[in-house]
Amino acid sequence: MKRVEFEFSAKIKLLNIVEKGIEYFLLNLWKIDEDDIYWFMVGVHEVIVNAYLHGNKKDESLPIRVVLMLHGGEIIARISDKGDGFNENDIPDPTSPENLLKPSGRGILFTKNACDSLRFFREDNWFTVEIKKKVKEVQNA
Amino acid sequence: MLEISERKKGDIVILDLKGKITIGEGDRKLRNWIESLLERGERKIILNMARVSYMDSSGTGEVVSLLMTVKKRDGELKLLNLSQKIKDIFQIAQLLSIFDYYTDEDEALKAF
């Protein structure tokens with residue numbers, strides 16, 4: 001199993017740099033297929049933004065922890081924040097007619113569709129969102 | 001990072017977008033640009049998304065919100081050259097049907 005873990009705290013404009021770093025790592029060191037990375041990063045981006053906005057409530061001093069693992073052709077991201085977490089059942093369906101034209105509320109929907117699985121858990125004072133996706137590894141990338 | 005360049009054909013404004021429409025920068029930049037077009041009296045707008053590489057949930061929400069803003073001001077907003085990935089993102093959100101979108105610029109221009 002390959003594994004990397006780091007923590008950061010940042011302004012929202014700098015989240016992009018963290019994501020670019022993850023993307024570079026997945027492409028160049030773990031040599032994962034570019035298309036798989038694109039969709040996996042759709043999920044990673046939404047979860048990191050969610051951790052910053054709703055988990056840490058934009059408090060730039062609070063950390064976000066990222067754990068990435070590659071095992072058996074599956075990539076796993078565990079993204080944790082210091083917030084109270086949420087219940088998936090409390091999130092309105094953004095595709096229902098009354099919510100369709102709303103400007104927000106699609107993050108979980110995007111993550112679910114971009115990745116193969118999504119789960120939430122609380123552990124050691126962190127609220128964690130775990131996403132998994134089957135990926136192709138490219139030998140000569 | 002989102003780059004926007006503006007050109008005009010008759011009374012139709014085309015915004016050529018390049019980069020990402022995401023939270024914090026791209027979404028706000030696009031909103032500000034379109035609001036300034038509306039302030040100037042422009043009512044026919046095409047977003048050329050050929051070089052948009054990625055749009056997150058906030059960016060998607062912003063494009064929906066802009067469509068509603070333009071309609072409320074008696075204008076029309078059309079999309080041009082959606083890549084397959086951007087089309088997939090709209091499709092996930094079940095939003096493709098609310099937009100007029102085209103693959104050919106002349107066709108989009110004629111549709112106003």
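1. Strands here are DSSP runs of E with at least two residues, helices are runs of H or I with at least four residues, and both are numbered from the N terminus. Two strands count as paired if DSSP finds at least two bridges between them.

2. A note before reading on: this is a predicted model, in which local features need pLDDT of at least 70, side-chain atom pairs count only at pLDDT 80 or more, and totals for chains, interfaces and linings use all residues. Residues are numbered from 1 along each chain as its sequence is written, while chains are lettered from A and ligands numbered from 1 in the order in which they are written.

3. Stepping back in chain A, five strands make an open sheet with antiparallel pairing, in the order β1-β2-β3-β5-β4. At its edges lie β1 (2-8) and β4 (117-123) of chain A, each pairing on one side only. On average, neighbouring strands of this sheet are turned by 15° against each other, direction ignored.

4. Chain B has a hairpin worth a look. Its strands β1 (residues 2-9) and β2 (residues 12-21) run antiparallel and are joined by eight bridges. Two residues lie between β1(B) and β2(B), and Gly10(B) in the turn has a positive phi of about 65°. Glu3(B) stands opposite Lys18(B) of β2(B).

5. Next, the helices of chain B: the axes of α1 (residues 26-39) and α2 (residues 57-72) come within 9 Å and cross at roughly 10°. The two helices are therefore roughly parallel to each other, a term for angles under 35 degrees. Axes are lines fitted to C-alpha atoms, for helices over the stretch in contact, with angles from 0 to 180 degrees between N-to-C directions. Among the residues making the contact are Leu30(B) and Ile34(B) of α1(B) and Leu66(B) and Val70(B) of α2(B). Contact means C-beta atoms, placed from the backbone, within 7 Å.

6. Finally, the interface: 16 residues of chain B are in contact with 17 residues of chain A. On the side of chain B, α2 and α3 (84-92) are the elements giving two or more residues, and α2(B) provides the largest share, eight residues.

How values were computed
Angles under 35 degrees count as roughly parallel, over 145 as roughly antiparallel, 65 to 115 as roughly perpendicular and the rest as oblique. Two residues are in contact if their C-beta atoms, placed from the backbone, lie within 7 Å.
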